[in-house]
Amino acid sequence: MSLGIGDVLVQLLNGLSYSSFLFLVAAGLSVIFGVTRIINLAHGSFYMLGAYLAVSLTTLFPPTVIGFWGGIVCAALVIGLVGVLVETLVLRRIYEAPELVQLLATFGILLVIQNVTLKIWGTEELFAPRAPGLTGSLRLFGRSFPEYHLVLILMGPVVLGLLWLLSYRTRWGVLIRAATQDRDMVGALGVNDRVLFQVVFFLGTMLAAFAGALRIPVDTINLQMDLSVLTETFVVVVVGGMGSVLGAYLAALLIGLLHAFGIMIFPKITLVLMSLVMAVVLVFRPYGLLGKPEGAARKGILAIELPIKPGSLSFNVFWLGVLVVLLVAPMVVGSYLQTVLIEILILALYAASLHFVLGIGGLPSLGHAAYFGLGAYAVALATSLLGVPTLTSLTIAAFAAVVAAAIFGWFCIRLSGIYLAMLTLAFAQIMWSIALQWVDLTGGDNGILGLYRSPAFASITAYYYLVLSICFIAVLIMRHLVFAPFGYALRAARDSVLRTEALGIDVRLHRWIALIISGGFGGLAGGLQALQKGGAFPDGLSVSQSIDALVVILIGGVQTLVGPIVGAAAYFGVKTEIMRYLGDSWQLVLGLTIILLVVLFPQGIAGFVKQRAAR
Amino acid sequence: MNLRARLLMFIAASSAMATVAVPSQAADEKPILIGEINSYAALPQFTTPYRMGWELAVEEANASRGPNDRPIEVTSRDDSGKPDETILIANEMLNDQHIEVLTGGFLSNIGLAMSDFALRSKIVFVAAEPLTDKLIWEKGNRYTFRVVPSTYMQVKMVVDQAAKLPARRWATIADNYELGQVGVAQFKEQLKAQRPDVEFVGEQWPALGKLEAGSTVEALAAVKPDAIFNMLFGAELNRFVREGNQRDLFTGRDVVSLQTGYPEYLDAMKAETPKGWIVTGYPWEQIHTPEQDAFVAAYRKKYNDYPRYGSVVGYTTMKATIEAIRKAGSTDPEKLISTLRGMEVTSPFGPIMFRPQDQQSTLGLYVGKLDMKDGRGFMTDWKYASGKDLQPSDDFVKARRPAEASK
């Protein structure tokens, strides 16, 4: 393809316009994270709300220049207040909770907002008229270029400048910067951090809503826009450095331009490109382009007060009883309940494998789906291409996941906290985009269908026993490791890296091995799932698959080894029942349930029981 | 009414409608349970009218049932837009709720997963909207029937007109997933067969739902095509059209675009509607056949709204499914399969038939050009392309469809 200079210049402008948009959304997220340390998954939801409200307001106001911009600004301000409301009602109650619990709460908020938006504005997608006064196009380099995009291009630097003025020329800015560096110290100096947090939340959500409102003349407004903007925003914030507004702008420029030119050269692999950039940046600059290493962690990623001890006699008897019940279950219950039990067991194994690095190792992985999905695809490819029997294919799945975990883990162990979470997420996103876009191998969106198990495991009952025994053995192995010297070293490193290293323990090596073990079991779970469903799909590698495991662990409780198992049963049960009986409202109810659980039982179900028992 | 009260009302209302129960005439009669799964949350613009369509069909069927017909009940669920979730739900419907027939589907990848499930579980699946050719050919199986015109048929509807255009340099744009990949490949093949002199100079493949319209439009313009073949739909289509309008992508270029004339997509475009595009669609307000008039009247009476294309698909799918069950006098899969093969049913577009060769229905679509008046788009110069006239030769089908699928 021969590109004229005009093509390149116009594409440059397109890239700048897209960058501005990315920056506006990302800046809000970055500011909120910088001060509150909350990874706000609901950020995209405020962006969506801003867009919806702007459409309503601009149609309500007269179709003049003032009416249009008035509508945009009002929408941003109103949604900013909604942000404050959410902060006050939900997030304020959990600032002391572990960070992953907060993340889960924002996930609940995301679900609720999505459903509320559906109820208010309905399902029809909205398409606002062009912006008054900016409906035309300019001739640039022999091309037509929409005037409105020029406004968008300018908006990025303008907002960046305003944020800079706010940060460096006002008292609030000083406080916000101070809180970004050390929140406890700011509190100790007598600053009312409640008000500070509210202001920050207002600012952040307002920016998101403003970005959404600005999109209405170029974009259709629909219920999927919250999630579709979220991943890109996270990439920008992480690449730029969490909490750095200027970094977010640079990252937005990088991603925006890469996207604009990538489309011309590699139109089929746009998704892979973006995740690849994120991974490369994080490998060479672990804290993003302009980010700084995390300040003193307040409480570690997971507040764990009670150390894990081997269970008491009655505890062991209880779980032995559970095992016996599971063993005789197929004689009592029908095939449907057996498949439910299979699903729960697989989910429990998957969550337990994450718990091993997260709860025991203290490594917050946000990309555990990478191993789960890889295991599923390994089984699918081995079965469909090589025709290997079930047990061999499962071995291959575990092995493939172990290899992947060894590679990814080698990069990950140098990081901790939120940056580690983001790098794991980047790796999972790379795997996901490969699965989606390498159509010849993976079938793209279709996945790989038509898998059958070996005759010995073809019946549901036979497969149930296979899954049960594999899960049982895997959980026992992990339990054994937790109470072995290896596990003690891992737990020591989780609680204090410095002291552990002073004892002569190689923290990185231990963590690396933990990641590999966890990846292997995750892959095994994915393989079992593929054989259960009869296919492997890209969703197995997606962010929501990773979040599922987190939700399970947090519902069950991080501080206990049985947490993932209890959580799997509870989560699967609640989710399927809610979806079954509530039709359209399942997101609302699931979201509210998660929020309530998080606010009332931040330690999870099993953790709650354990705490009660300890009293 | 404040938000909270509205919310509470909605919660109450929606929990009441999880299954569409029917007032039973005889309490001792066990209703026939049909399972229906579709992308309600992910693609509401299509699936909401679709649901209204099939609910109408169920209501009519129960009102008109004879003394020997069991009442019909439908259990309907959202697939979350994910194939694996869909399989989980289908499994629950089959083994726990004991559905007797499966229907639904919108996205092609989910349709394929449901069809695989149907084969595995030996249950008849009447696919509503998944368009991919694989569903009836390469991955076809005995249990899967499809209502809407396949990608092959849709391409064939427009390709004759595309071949008549003077354009020689073509560019394509489609989402990088099953439907887009199959559609573009079909279009290239069929157009090349008629016009060996055309060349395809550029392709754009945005990831599904991730179109960045400005850059994509520019990348298409950079290859300087004479004409463009488009398969974007829904939200992405609108974005693409507005950017294209503002950047003069469509001036002096012909555009052939599948599905763009569906009211659910066309009505949202309003003043942006691009004139002169060759599209497939459903100009409901201009069609006056007895079947169409009856359908529109019944639909208006029940919903006080006009039908979209999704309504037709939902209505026809459910109607065909129920008629097959009643004709077979049973829900035994084998009996249903032999009844459905070659069965005729009256759709809002007139009589259609399920072809025995590949279990595809002969439902057609309307082909025409887009025009705009008073800020509203509509179709002009349209004609009905009947599915009967759009089929490939039987040998063509045989070469693609697995032998055991036609047993």
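The model is predicted.

Start with the interface. Contact involves 71 residues of chain B and 71 residues of chain A. Interface size is often quoted as the accessible area lost when the parts come together. Here the area buried between chain B and chain A comes to about 6300 Å², with carbon and sulfur atoms giving 51% of that. As for specific pairings, 13 residue pairs are in polar contact across the interface, counting pairs with both residues at pLDDT 80 or more. The biggest contribution to chain B's side comes from H3(B), which puts in 11 residues. Sorted by class, that side of chain B holds 25 nonpolar, 20 polar and 26 charged residues. The rule also picks up 2 salt bridges between the chains. A salt bridge joins the side chains of A:Arg139 and B:Asp248, at 3.6 Å from N to O.

H3(B), spanning residues 83-97, also pairs up inside its own chain, with helix H4 (residues 108-121) of chain B. The two axes come within 9 Å and cross at roughly 35 degrees, and the crossing is right-handed. On the H3(B) side the contact is made by B:Pro83, B:Thr86, B:Ile87, B:Ala90, B:Asn91 and B:Leu94. Facing them from H4(B) are B:Asn109, B:Ile110, B:Ala113, B:Met114, B:Phe117 and B:Ser121.

Over in chain A, helix H15 (residues 390-412) packs against helix H21 (residues 507-533) at an angle of about 145 degrees, the axes lying 7 Å apart. This crossing is right-handed too. H15(A) brings a run of alanines to the contact, including A:Ala397, A:Ala398, A:Ala401, A:Ala405 and A:Ala406, along with A:Gly409 and A:Trp410. From H21(A) come glycines, among them A:Gly519, A:Gly520, A:Gly523 and A:Gly527, as well as leucines such as A:Leu515, A:Leu524 and A:Leu531. By class, the contact of H15(A) with H21(A) splits into 15 nonpolar and 7 polar residues, and again no charged ones.

Key. Residues numbered from 1 in each chain as written. Chains lettered and ligands numbered in written order. Predicted model: local features only at pLDDT ≥ 70, side-chain atom pairs only at ≥ 80, totals over all residues. Heavy atoms only, no water. Axes fitted to C-alpha atoms, helices over the stretch in contact; angles between N-to-C directions. Helix = DSSP H or I, 4+ residues; strand = E, 2+ residues; numbered from the N terminus. Left-handed = near helix turned anticlockwise from the far one by under 90°. Contact = heavy atoms within 4.5 Å. Buried area = accessible area lost by both parts, 1.4 Å probe. Salt bridge = Lys/Arg side-chain N within 4 Å of Asp/Glu carboxyl O. Polar contact = N/O pair within 3.5 Å; in protein donor to acceptor, adjacent residues only side chain to side chain. Nonpolar A, V, L, I, M, F, W, Y, C, P; charged D, E, K, R; others polar.
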